[in-house]
Amino acid sequence: MSQKTEKPVLSGQRIKTRKRDEKEKYDPAGFRDAVLQGLNKAGTDLEAVSKFLDTAGSKLDYRRYGEALFDILIAGGLLVPGGSIAQDGDKPCKTNACVFEAPEDMDSMHNYEQVFIKLMRRYKYLEKMFEDEMKKILIFIKGFTELERIKLARMTALWISNGSVPPTVLLVLINEHLVKDSLALDFLLEVFVTWKQEKGLASLTTALKRGGIESRLMEFVPLNKRTEEHFRATFEEKGLADIVKLHKAQASQEAKRDLQLQLEEQLSEGRAIKDIVTDVKESAAKNNIAEHEVVSLVWSTVMSQVEWNKKEELVAEQALKHLKQYTLLFEAFTTTARSELALMLKIQEFCYGNMNFMKVFQKIILLFYKTDVLSEEVILKWYKEGHSVKGKMLFLDQMKKFIEWLQNAEEESESGEDDD
C-alpha cells in the first residue's frame, strides 16, 4: 500500500505570525489614562463629557474595557477588590467627572443618568457589561464613603427604573458582610425612597415583583434584628409603609403555600381527620391565616387528590363519595358565616371551571347541608346576594327547588315558634 510522503520542511524556518493572530496586550491602565485625559478636558460640563465618550468609542476599545469605563464614570478610576481606586505611583488616576464626585441632589443625579443613557444608546453592547458592572460594584459598597453609597443608591434607583439594569442586581447585596453591618438594608432603603419619589409606589412594587425581591426583603435585615417588628418600624420610618404591606402579603402567600403542601402530604398519607384538623389549626394560628382562607385551601387540596372521571354521568357519584370522607374536615373550618360563604364560592368557581361538574354543584351543596358543613342561612344568603357571576344563571336554577324547600321549612319553623 502506498503511504503519503511528508512534505519537506526547511530546517530553521520561522513561521510568520499573521497580523490578525497577534493578541493585543490587555492594558486597562492605558485605557484609563486615555479616558481620564478626555474627561479632564471636558471637566464638569456633562454635554462635553457625553460628546467625548461618543467619539472616543471609535478609537478606544469599549468592547474590551467596558467595565473599566463604567468604573471610571461611577467611581472616578479603576476599582480594585474592596472598592478602592487603583493607584499608579504619583500619576493622577482619578477624575472628578464621575457620579461619586457629583452633588447628591436629584437634578445632578438626573444629569448623570443622561450621560449613561446616551452612552449605551450609542454603544448597545455596553448594556450587558453595565449589568455585570453593577453586580460587581454593589459588592464593593463597604469600601465607599456614606455619601458615595447614597449617590450610588440614588443612581441605582434611576438605572433600574429606566431599564438600564434589571431589579435583580439588588439581590447581590444579600451578602453576609454587607447584611451584617446594615449596609445592604440602608442601601436598599435609599433606593426605595428615591424610586418612590421619582416614579411612584406602583412602579416600585411592580419592579420588586418582577425581580423576585418582594419575597426576599427580610434577607436584607441583619440576622440579629430579623423580626417583623423591626422590619415594620424600619420601613415605616422611611415612609415605606406600603412595602411593609407588600411584605406581609407575600409572607402570607408563602405561609398558605406551605400549609397547602402540609395538607397535601397528610391527606396522601391517610392521616386521621382529627389529627389533620389539629395540625392545620396550629399552622393557621401561627401564620395568622384566617379561617375563610383555610377552608378555601382545604377545598382546593381535597379536590386535587383525585383523577376525575371524564364522563359527566359518573363524576357526580365519584365526587360525592370522595367528599363524604372529608365532611368533618370541612366542618372544622366553617365555624363562621364568612367561612361557609367562602366555601360555597369556591365550590361554584370549581364547578364552573370544570365542565363535567356543572351539574354537580347542587348535589355537593346538599351533601354539605346534610352534614352540617353549610347552614341554611348562608345558603339562602348565597342565593339572594352572595353568589359569584360565574355560571350564575345555571347554578341559581339548579338550586331553585332546594331554596324553595329551605324557605318553606324556615317559614314553618317561625310559625311553630309563634304558636308556642
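## Histidine 247

Histidine 247 is found in helix H11; helices (H or I, at least four residues) are DSSP runs, numbered from the N terminus. Leaving aside neighbours within four places in sequence, histidine 247 is in contact with Leu217, Met218, Glu228 and Phe231. Contact means heavy atoms within 4.5 Å. At 7% relative accessibility, histidine 247 counts as buried. Buried means under 20% relative accessible area, exposed over 50%, and partly exposed in between (1.4 Å probe, protein chains only).

This is a predicted model: local features need pLDDT of at least 70, side-chain atom pairs count only at pLDDT 80 or more, and totals for chains, interfaces and linings use all residues. Residues are numbered from 1 along each chain as its sequence is written, and side-chain values use heavy atoms, with hydrogens and water left out.

Not counting residues up to four places away in sequence, lysine 256 touches Ile289, Glu293 and Leu297.

Glutamate 133 sits in helix H5 (residues 126-139). At 0% relative accessibility, glutamate 133 counts as buried. Its contacts, leaving aside neighbours within four places in sequence, are Glu67, Phe70, Asp71 and Ile74. Glutamate 133 and leucine 223 are 90 residues apart in sequence. In space they are 28 Å apart, C-alpha to C-alpha.

## Nonpolar cores

The largest nonpolar core has 84 residues. A nonpolar core is a set of buried Ala, Val, Leu, Ile, Met, Phe, Trp, Tyr and Cys residues joined through side-chain atoms within 4.5 Å. Tyr62, Leu152 and Phe192 have the most contacts inside the largest core. Helix H8 (residues 183-199) supplies the largest share of this core, 10 residues. A second, separate core has 56 residues and includes Val295, Leu323, Tyr326 and Phe402. In soluble globular proteins, nonpolar side chains tend to be buried together.

What does tyrosine 62 touch, not counting residues up to four places away in sequence? The list is Phe31, Leu53, Ala56, Gly57, Leu69, Leu119, Tyr123, Tyr125, Leu126 and Met129.

## Domains

The protein chain is divided into domain 1 (26-165) and domain 2 (304-410). These bounds come from an automatic or database domain assignment. The centres of domain 1 and domain 2, taken over C-alpha atoms, are separated by 64 Å.

## Largest pocket

About 380 Å³ of space lies in the largest pocket. On a 1 Å grid over the protein atoms alone, a pocket is an open set of points where a 1.4 Å probe fits, with protein on both sides within 12 Å along at least five of seven lines; lining residues have an atom within 4 Å of a point. Grid points are joined across faces, edges and corners, and a volume is the space filled by probe spheres set on the points.

The lining of the largest pocket has 19 residues. Lys248, Ala251, Ser252, Ala255 and Asn287 lie nearest its centre. Helix H11 (241-269) and helix H12 (273-286) are the elements that give two or more residues to this lining. H11 gives the most, with 10 residues. By class, the lining has 4 nonpolar, 8 polar and 7 charged residues. Ala, Val, Leu, Ile, Met, Phe, Trp, Tyr, Cys and Pro count as nonpolar, Asp, Glu, Lys and Arg as charged, and the others, Gly among them, as polar.

## Second largest pocket

The second largest pocket has a volume of about 290 Å³. It is lined by 13 residues, and the closest to its centre are Glu146, Asp186, Phe187, Glu190 and Lys238. Helix H6 (146-161), H8 and helix H10 (228-237) each give two or more residues to this lining. Which element gives the most to the lining of the second largest pocket? H8 does, with 6 residues. The classes here are 6 nonpolar, 1 polar and 6 charged residues.

Serine 182 has a positive phi of about 65° although it is not a glycine. Serine 182 lies in the loop between helix H7 (176-180) and H8. With a relative accessible area of 15%, serine 182 is buried.

Aspartate 372, a residue other than glycine, has a positive phi near 65°. Aspartate 372 lies in the loop between helix H17 (361-370) and helix H18 (376-386). Is aspartate 372 buried or exposed? At 57% relative accessibility, aspartate 372 counts as exposed.
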